[in-house]
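Hi,

Here's the structure I promised to pass along.

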Amino acid sequence: MHNLVDWQERYDEVEALVQAAGGYVQASDDLRPRVLETARTEVGELRGRRWVRQASLAAAIVGIAVSIRTTTGGIEPKIGDAEVVYEQASQKSVGAGGFGWALVQAFCELRERQSEKLQSD
Amino acid sequence: MALPDDFSQRVRDCTDRLAAAGVDALGALFDLTSHRLVRFSVTLTRNQHDAEDAVQACLVKVAGRPLLLAAADSPWAYLLQMVRNESLAIIRRKRRAGVVTSLTDLVTRRRIDELEQEETHRAVWLAIRSLPQEQAEVVVLKIWEAMTFAEIAQILEASPNTVASRYQYAMSKLAAKLTKARQEARHA
């Protein structure tokens, strides 16, 4: 028991010595400006890289959207096409065995026209 | 002895300011933590220049991604862990982990009223530098950062029992070395 108390006292003493020496070593004077300058530079570069990345992404999205619009623009069915098909079907239905078959025929003709237009492009 | 709450809270405040204001708020975090971080890193790298490089790399990373630190449960413990990782990376790169028997690389404070204690401080630092890195870092975190074994275990990613055991070994060695140093000083 006496031995344990001795050890504890010795440890307490060592801990006190180490504690007191904690402030002995310092950071050098030039560390602060060095850290702040490097951080500002790095953060600036990081922002620049992020801006370039975002701008490239936006440009790519716009480019893809424009190319999709350009390639599919001529084939997309239009409201005007639907009206024409409906009108043609109405005219054909008089002697073509009903409005349903006339609509199918008008729609097939529209698809043929679209196909020809796509091939000519 | 638990980590002083006010210091942890001050680190959290600085971290929050950094997250809100950006790199302009880094100076306050540096002023608050640099001395402790350099001191911790010096015991790992055993070289002042390398320790400052580790602290610089860590704080620059924090400035670039402040939310990383702000989101941590304990920003101070996280910062210590970051500096430890940077220090170990430097050690691996430079293969400079051996025992150092001098203090010539260190930037030290010499106050007039502490001149008498300087020899003791030097003996303590030499004794700490002679410890294996695993034991030295536990001593630093336990005594200078006033952390519990459980808190230290989280930073070092070891079990609290392992940490406590390393501390016991370290204290035995320090006690022997400091006693020897004191006897040599008396004879000199």
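pLDDT is the predictor's confidence in each residue, from 0 to 100, and helices here are DSSP runs of H or I, at least four residues, numbered from the N terminus. Chain A as a whole averages 80, and 84% of its residues score at least 70. Where pLDDT is low, the predicted coordinates should not be read in detail.

Some housekeeping: this is a predicted model, in which local features need pLDDT of at least 70, side-chain atom pairs count only at pLDDT 80 or more, and totals for chains, interfaces and linings use all residues. Residues are numbered from 1 along each chain as its sequence is written, while chains are lettered from A and ligands numbered from 1 in the order in which they are written.

Staying in chain A, Val52(A) sits in helix H2 (residues 31-72). Its C-alpha is 63 Å from that of Glu9(A), 43 residues away along the chain. Val52(A) is exposed because it has 10 other C-beta atoms within 10 Å (the cut-offs: 20 or more is buried, 12 or fewer exposed, in between partly exposed, with C-beta atoms placed from the backbone).

Now chain B. Most residues other than glycine have a negative phi. Arg46(B), though, has a positive one, near 60 degrees, and Glu157(B) has one of about 55 degrees. Arg46(B) lies in the loop between helix H2 (26-45) and helix H3 (48-64), and counts as buried because it has 23 C-beta neighbours inside 10 Å. Glu157(B) lies in the loop between helix H8 (149-156) and helix H9 (160-187); with 8 such neighbours inside 10 Å, Glu157(B) counts as exposed.

Cheers

Terms used
Helix = DSSP H or I, 4+ residues; strand = E, 2+ residues; numbered from the N terminus.
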